[in-house]
Amino acid sequence: MFATSHSEFSTQRGQGMTEYIIIVALVAVAAIAVYQSFGQVIRAQTAAIASELAGEDGSEASQAAQRAAGQATSQKGAKSLRAFGAEGGGSKP
């Protein structure tokens, strides 16, 4: 009886570890997707934070983040699926 319960415990522990690994992998994939979609904005903000933490002036990197955010906003319409829906590059069907 003891061997059976020990085996069940090992199986449950292995299942818990597998579920944990899957969740961590999904979170990592989601983080990479967010980082890719916001690209330059996050990179510039990260650079500004790193500069400030190092005791340097991070205003240039902060301004680069603002410029990148403005460019991303202006490109938002061009990167939508609607632009690929009809021939002629973006007209509504």
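How much accessible surface does the protein have, and what share of it belongs to carbon and sulfur atoms? The accessible surface comes to about 7,800 Å², and carbon and sulfur atoms account for 62% of that. Keep in mind as you look around that this is a predicted model.

**Start with the whole chain.** Switch to a cartoon view: the protein has two helices and zero strands. There are 93 residues in the protein, and buried ones make up 10% of them. Now colour by pLDDT. The average for the protein is 74, with 67% of the residues scoring at least 70.

**Go to the end of the chain.** Select residues 89-93. Here pLDDT stays under 50, and the model has five contacts beyond four places in sequence for this stretch.

**Now pick helix H1.** Show the side chains of Met17, Tyr20, Ile21 and Val24: together they make a nonpolar surface patch of about 420 Å². Is Met17 buried or partly exposed? Met17 has a relative accessible area of 49%, so it counts as partly exposed, since that class runs between 20% and 50%.

**Slide along to Thr46.** You're still in helix H1. Thr46 is partly exposed too, with a relative accessible area of 43%. Show its side chain along with the backbone of Ile42: a polar atom of the Thr46 side chain lies 2.7 Å from the backbone oxygen of Ile42. Thr46 and Ala65 sit 19 residues apart in sequence, and the distance between them in space is 9.1 Å.

**Last stop, Ser51.** This residue also belongs to helix H1. Which residues does Ser51 touch, leaving out those up to four places away in sequence? Select Glu56, Asp57 and Gly58 and you'll have them on screen. Why is Ser51 classed as buried? Its relative accessible area is 17%, and buried means under 20%.

Methods
Residues are numbered from 1 along each chain as its sequence is written. This is a predicted model: local features need pLDDT of at least 70, side-chain atom pairs count only at pLDDT 80 or more; totals for chains, interfaces and linings use all residues. Side-chain values use heavy atoms; hydrogens and water are left out. Patches are made of residues with over 30% relative accessible area and no salt bridge: like charges are joined within 9 Å, nonpolar side chains (Val, Leu, Ile, Met, Phe, Trp, Tyr) within 5 Å. Accessible areas come from the Shrake-Rupley method with a 1.4 Å probe; for residues, only the protein chains shown count as cover. A salt bridge is a side-chain nitrogen of Lys or Arg within 4 Å of a carboxyl oxygen of Asp or Glu. Buried means under 20% relative accessible area, exposed over 50%, partly exposed in between (1.4 Å probe, protein chains only). Helices (H or I, at least four residues) and strands (E, at least two) are DSSP runs, numbered from the N terminus. Contact means heavy atoms within 4.5 Å. A polar contact is a pair of N or O atoms within 3.5 Å; within protein, one must be able to donate a hydrogen and the other to accept it, and residues adjacent in sequence count only if both atoms are side-chain atoms. pLDDT is the predictor's confidence in each residue, from 0 to 100.
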